[in-house]
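Please load the model in a viewer and follow the selections below in order. Each stop names what to select and what is found there.

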Amino acid sequence: MTTSTLWSSTVASRPAIIRSNITIESMWIGMAVRTCAKARRSGRSATSMPWALPSNLLWGRSSNRDINNSSSSHMTAPGASASLTHIVRNGSPRGMFTSRLALDVAASAAGPAITAPASVHADFPGAKLESLPWDHTFVKELPADPETRNAVRQVEGALFSFVSPTPPAGMPYLVSYSSQVARLVGLDPTECERPEFPLLMSGAAPLPGSRSYAACYGGHQFGSWAGQLGDGRAITLGEVVNPVSGQRWELQLKGAGKTPYSRRADGRAVLRSSLREYVCSEAMAALGVPTTRALSLVGTGEPVLRDMFYNGNARWEPGAVVCRVAPSFVRFGSFQLPVSRGAGEVGLVKLAADWVVKYHYPELAASPQPYLALLREVVHRTGRLVADWQALGFVHGVLNTDNMSILGLTIDYGPFGFLDKFDPDWTPNLTDASGRRYSYRNQPEAVQFNLIMLANALLAADLVSREGAEETLGEYSKVLSETYNARMAAKLGLKEYDRALSHELMRLMYDDDADFTNTFRALCSVSSVEEEEEQQFQPDTSESVSRSGSGSVGLTAALSASLNGGQPLSSERLAAWRQWLQAYRAKLRAEGVPDSQRQAAQRAVCPKFIPRQHLLQWAIEAAEKGDYSELEALLEVLERPYDEQPDAPAKYSSPPPEEMVRPGVCMLSCSS
C-alpha cells in the first residue's frame, strides 16, 4: 500500500494498517463480578465496571513561587483599560509602568524596545530578559513555511510558520509568575518584577533574541481525522538552554494572537481558561506528574468575546496570556499531518523524528532502530503518564492526538478536572457529555488509540516495521498495569498490590459517592489494630472513631466524612465498609510495617490538596474583579499537596459545595 493511499483524506480518519484491536490486558482494573447496587439504581450495567488505574509517580515538590496581587480593574467592555498598580507579596507597592518601553508599546506595536547584547549572559541564578540563552534549533534545522503572510490557510511542506504575536489593544499587567519556572529556564526570577515583563509575556513587545513561530500539525479529534490544526493561538518564542543544568526549554505564549492555523478563531485567550492552565500546570508538577509548566500569567487589558456554552449567550471576558514552558511542544499530530498529505510531504516525518531524537532522546541515536526505539520510549512514557492521571483522579478532557506530547507530558489544559465523587463515567468536558469518549474510565483506551495513530504515521513514513510497531504498542498495557499496581499498592500502604482488596475498595467508593482524593487520604490514618483497639484513639483527631450522629460508627472521622457527602451510612453500607476495613487491617498486620512508617509513606503519595474545579472557579471570580488574593492562597496550598498544612483553611481540601456543582464549574466547554 502506498503512502498516499494509506493516508489519503478518505482514510486518514482510521488506522489503515495497525488497528486499535490490541488488547490492553488488565487495563480495566476491577471487573465487577456482581452487579453493584448503585449501578442498579442508576440503570447502568456494572457487570464489567472499570475502576481505577494508578502510577509510578515521581512524587516531587514545587516551591519558590512569587504571586503578585494587582488592583487592575475588571474589564467588561471593549476599550476598557487596566490599572497598572502592582502589589508584590510582601505588600510593597510598585509604581505605574512609566518606562519608555511601556509608553512605546502603548502607542504602537513597533519593533523591540530592548536591545539584546551580542553575547549571552549566563551567570547563575539567572539571565536578564535581554540576554536569555537562546538556541533556536527547531527553526534552524526544520523546514519553515515559505509564506510569511499571517493569514489563515493550509500550510504545506513545512513544520512551522514564522509569526509574531499581535499586541493587545489594552495595557498588559502582571497577574502571577513562578520563580521556580524562571530558574528552570535560566531566567533571574527578579526579572519577572520588571515593568517590561508583562509587555513581553503578552506579546505587546518582542522578547529580545526570540524567533517566534507557530507549529503546523494535524490530529484526530474525538476519533475522527480533522486535517490541519496547528497552533491556532499559541506562539512559541523559541528555545532557551539553561546554562547551569543544560536543560532545553521552549517558551510559548498562549493567547497572543492569530496565526495561519487560527481557523475561525481570534487567537486570544480569556483569564478564566488561562488561570486554570497556569494553576494546574504548576499543581501537576508539585504532584509529581510529567507536565508542561507555566512561567507567567499576564492580563492583556483587552476584553475577549466568548460563548462558554455555545448557546448564543456570549459575553466579554478579561483577556490573558499564559507563558507555557516545556522541553518541546511537539505532538503526535506533528507526525500525522505530513503522511496524511501523501508522498510529497512524508519526508517531514523523518525530519521531525530526527530532531526529536537528537535533542530530546539522544540516548536513542545509537540504536540500530532509532525510530522504533523512539516509539517504544513514547509508549512507555505515555503509559506511565496515564497511570499517573488515573492514580490521582485526573481527567484531561480532550485527549485528541494533537493534545498528546511526544515527550510523555500532560499538555494543553482545557476542560480538565479532578474527580470529586468517584464516578468512572465522569468527564469534565461538556462537549463529551453524551459520548464520554474521554471520561475517566475511557482515558487509557483513548490514549492507546492515539499511540496507534502515532505508530501508523511512523509506519507510513517507512521508519518502523509493522511487526516492530505492533510489538511495541503491546507494551503499553504492560507498562500501564505495572505502574498502576505499584501506585495502588503505595496508596494503600502495601508492599505489593492486592487486586481483590483494591477492586472491592473501588466498588465501595462508587456505591457510596466517595470523594476520590479524601478517601485515599483518610485511609492514611487507618490503624492496623483491631477495631476495638481503635476506640482508644483520642477524639477530635483524624484517627478518632466517629461516634456521633454526624458520622458512621466504626469508621474514622476522616473516612466517614469522605463518604456519602459526610452523611451517615445505612447499616448495610456501614457493614460493607467495616468488612473491607477488617480485611485491610489484616493485610497491614501481615506485612508488618509499623503504622507510623506506613502512614507516612501513604501520605507521601495520597495528596490532601488538588486543584478542584470549585477552587479554581473561586480564584477566577475574584481575579476577574482584580483581586488575586484567592489565586495566591490557592497556589501556596498547592505547592505542597502531600503535606498536612494544618493552618490551611478547610475549603482547600473539601468537596465542592452544592451550589458549585454545576456546568461552568465542574463541567466546562472548550471555549477559552
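Select Arg612 and Asp420: both residues are buried, that is, under 20% relative accessible area with a 1.4 Å probe and protein chains only, where over 50% is exposed and in between is partly exposed. Arg612 forms a salt bridge with Asp420, with the closest N and O atoms 2.7 Å apart; the term denotes a side-chain nitrogen of Lys or Arg within 4 Å of a carboxyl oxygen of Asp or Glu. The pair links distant parts of the chain, 192 residues apart: Arg612 is in the loop between helix 18 (595–603) and helix 19, and Asp420 is in the loop between strand 15 and helix 11 (443–460). Helices (H or I, at least four residues) and strands (E, at least two) are DSSP runs numbered from the N terminus.

This is a predicted model, in which local features need pLDDT of at least 70, side-chain atom pairs count only at pLDDT 80 or more, and totals for chains, interfaces and linings use all residues. Residues are numbered from 1 along each chain as its sequence is written, and side-chain values use heavy atoms, with hydrogens and water left out.

Next, select Arg573 and Asp512, whose salt bridge has its closest N and O atoms 3.0 Å apart. Arg573 lies in helix 17 (residues 571–591) and Asp512 in the loop between helix 13 and helix 14 (516–523), so this pair ties together parts that are 61 residues apart in sequence. Both Arg573 and Asp512 are buried.

Move on to Glu644 and Lys608, a salt bridge with the closest N and O atoms 3.0 Å apart. Glu644 is partly exposed at 39% relative accessibility, whereas Lys608 is buried at 16%.

Now display helix 19 (residues 613–623). Nine of its eleven residues are buried, so helix 19 is largely enclosed by the rest of the structure. The cover over its buried residues includes helix 7 (271–287), strand 15 (417–418) and helix 20 (629–638).

For the aromatic stop, select Tyr484 and Tyr497. Their rings form an edge-to-face pair, 5.8 Å centre to centre with 75 degrees between the planes. Rings of Phe, Tyr and Trp (its six-membered ring) pair if their centres lie within 6.5 Å; planes under 30 degrees apart count as stacked, over 60 as edge-to-face and the rest as tilted. Tyr484 is buried, at 0% relative accessibility.

Finally, select Phe138, Phe160, Phe162, Tyr213, Trp355 and Tyr359, which ring pairs link into a cluster.

Terms used. Contact = heavy atoms within 4.5 Å.
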